[in-house]
Amino acid sequence: MAKISYLQAIHQALDFEMGQDDSVFVLGEDVGKKGGVFKVTAGLQEKYGEMRCLDTPLAESNIVGTSIGAAMMGKRPVAEIQFADYILPATNQILSEAAKIRYRSNNDWNCPIVIRAPFGGGIHGALYHSQSVETLFTSTPGLKVVVPSTPADAKGLLISAIRDNDPVLFFEHKKAYRLLKEEVPEGEYTVPIGKADTKREGDDITVITYGLCVNYALQAAERLAKDGYEAEVLDLRTIYPLDKESIIKAASKTGKVLLVTEDNLEGSVISEVAAIVAENCLYDLDAPIMRLAGPDVPSMPYAPPMEDFFMVNPDKIEAKMKELAEH
Amino acid sequence: MYKEDTTLLDYKEAGLESEDLKNMYRTMYLARKLDERMWLLNRAGKLPFVISCQGQEATQVGAGYALDREVDIISPYYRDLALVTHFGMTAEETMLSAFAKKGDISSGGKQMPSHFSKKLCNIMTQGSSVTTQLLHAVGASFKFKMDGEKRVALTTLGEGSSNQGDFHEGLNFVGVHDLPFICIIENNKYAISVPRELQYGADKLSDRALGYGMHGEHIDGNDPIAVYKAVKEARERAINGEGGTLIEAMSTRLTAHSSDDDDSYREKEERESMKETDCLVNFRTYILDKGVAEEAWFEELEKEIKAIVTDATKAAEKAPYPDAREALTHVYEEVQHG
């Protein structure tokens, strides 16, 4: 197995699915001739043609809405929104349409679309190229929301998302694109949607997180081990619907829970995780649930000191972990 | 060209036979009678909600008749009872939906009435947010082009929807790719209470077609033959790779917006004068004038349709509601294990 980046893993998943299923096609702004602003779709247009790797007009609702129509007719569109921050014009199509098509037609129609979007900060992207927008979608039944944290998961989850018969939002951390590399199985490789994954075993504290924060939490856990504390790290992977069983198991195992996201704290995905732990694990807890997240300001500022202040990083996680472990 | 008068186009010149006219009238009449019955049931306290096709049946049936029901896809809006009836929604299915009963093919009792869906008959599902359905039809037409299929996707909407972003985004995309797509604006001149003067500054919404790089046409929506002709030609262009068409069919909303609206914003005089443009009345006169059918045919039809509507109503009233637990079904694909 070759070591490849998070970005290459996503590219491989797209290429593999387009190669084995003619109904799969990719569309979005700059995805064709340019190969995407991050080059995720580089070479796909040459290989599969202009229609199957389509450069669209700059209109997000059209990208998603036409994907929905094509999906209802049997296609498997993979729509790219160039930055998650720009998904808002398409939210009516996602929330009012894609999410409700199976339910409102009583299973007559369904909508197998994937919407990929790079999200997250720490890349000097400022307010409109750094956002975590996942909570816009994580209280809408009918949608599945996936955030891979490793190259292998990115490949396996994207192939599963394309094969899923319901709409899947697939958020890729843009800082992870070239930062993370690992060995990824070649060819066909799937990871189930809806299942969290234990990325590190430990008995002293449990960290539950997703996205790039998983990598940061693992780095922090190695440092914490030098202080004699072993952290369990649970990667949510699918943030809607949540894998409650794995969350309850991981929280109950150590009785000390730290929840991490780089999204704003209030009303975030980890708020729901905290509710699940509080409802189900109260008598197993040895400390109050602890949360680490971005501050409740509108978005991530541009100037490096302010950006660093906003972003979660291994140092911040390690400090919180230590505080919790010593509680 | 659109005329304010009530003269209908010559049906033979449009390529229609006398049997076609009778078929078209029959569907228009059935939709009207179903619609009228639903209002009665609403006023009798039996149905919570009605939203009407009345006055727009000519546009809907004229359009439907020009399509190929076997292969073409429609993405309608809530006024399109006559269009979906032509495409295969039965009277009983319409009533089951009105009563929110278990057998409602559109939604299993989950949606309000007139939120049509029937995959078997190529009717896409819609929600209540306006204009979103346009993009679904555009997406379907993109699929047809991709796969080289001789099919078209048609969407309909009110003129109020022409102000939504999805209208612009979708038609622009149709123009870019010359998609096999038809959009009909059923312009009844009101977005609930807001008159056309406060909705748009253009003379004709069909003029926007030029800006999208597609064919535009402004027609009399009260004339089913004119609509048939325009849609037939649009379909020909579409399957010949000549792109999409935006049709503005000037139409009439004979009822209030819905059963929850009192229509108080339209003067009595205006509401009375609309009856002169009632497409059903004018089409009936036309059929008689042209000697296509006699009074006796209409009388027979009226009896037949009355029985259909009554039977459908009775069947729907008797039908069971969906089980309460059905509220939990079909959120996601339900995979059977074991």
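This is a predicted model: local features need pLDDT of at least 70, side-chain atom pairs count only at pLDDT 80 or more; totals for chains, interfaces and linings use all residues.

Tutor: Residues are numbered from 1 along each chain as its sequence is written, while chains are lettered from A and ligands numbered from 1 in the order in which they are written.

Student: Into which domains is chain A divided?
Tutor: Domain bounds come from an automatic or database domain assignment. Here chain A splits into domain 1 (2–184) and domain 2 (197–326), with their C-alpha centres 26 Å apart.

Student: How many residues of each are in contact?
Tutor: Two residues are in contact if their C-beta atoms, placed from the backbone, lie within 7 Å. In chain A, 26 residues of domain 1 are in contact with 23 residues of domain 2. On the domain 1 side, strand E6 (144–146) and helix H6 (151–163) of chain A are the elements giving two or more residues, and E6(A) has the largest share, three residues. Helices (H or I, at least four residues) and strands (E, at least two) are DSSP runs, numbered from the N terminus.

Student: What classes of residue are on that domain 1 side?
Tutor: Ala, Val, Leu, Ile, Met, Phe, Trp, Tyr, Cys and Pro count as nonpolar, Asp, Glu, Lys and Arg as charged, and the others, Gly among them, as polar. By that scheme, the side of domain 1 of chain A that touches domain 2 has eleven nonpolar, eleven polar and four charged residues.

Student: And what is a nonpolar core?
Tutor: In soluble globular proteins, nonpolar side chains tend to be buried together. A nonpolar core is a set of buried Ala, Val, Leu, Ile, Met, Phe, Trp, Tyr and Cys residues joined through C-beta atoms within 7 Å. A residue is buried if 20 or more other C-beta atoms lie within 10 Å of its own, exposed if 12 or fewer, and partly exposed in between, with C-beta atoms placed from the backbone. The largest core here has 201 residues, and A:Ala217 and B:Ile247 touch the most other members. Helix H1 (residues 18–43) of chain B gives the largest share, ten residues. Domain 1 (2–184) and domain 2 (197–326) of chain A both contribute to this core, so it lies between them.

Student: Which residues does A:Ala217 contact?
Tutor: Leaving aside neighbours within four places in sequence, A:Ala217 is in contact with A:Val207, A:Thr209, A:Val233, A:Val260 and A:Ile317.

Student: How many residues does each chain put into the contact between A and B?
Tutor: Chain B gives 31 residues and chain A gives 33. On the chain B side, H5 gives the most, with ten residues. That side divides into eleven nonpolar, 14 polar and six charged residues.

Student: How do I check the length of a helix like H5(B)?
Tutor: The expected span of a helix is 1.5 Å times one less than its number of residues. H5 (residues 132–146) of chain B has 15 residues and reaches 22 Å from its first C-alpha to its last, close to the 21 Å expected. Of those 15 residues, 14 are buried, so H5(B) is largely enclosed by the rest of the structure. After H5(B) comes B:Gly148, with a positive phi near 60°.

Student: What do the buried residues of H4(B) pack against?
Tutor: They pack against H1, helix H3 (81–87) and helix H11 (295–318) of chain B. Eight of the eight residues of H4(B) are buried, and B:Ala100, which follows this helix, has a positive phi near 55°.

Student: Where does B:Asn122 sit?
Tutor: B:Asn122 is in the loop between helix H4 (91–98) and H5 of chain B. Its phi is positive, about 60°, although B:Asn122 is not a glycine. B:Asn122 is buried, with 22 other C-beta atoms within 10 Å.

Student: Which peptide bond is cis?
Tutor: The bond from A:Tyr240 to A:Pro241 is cis, with omega near -10°. A:Pro241 lies in the loop between strand E12 (238–240) and helix H9 (244–254) of chain A.
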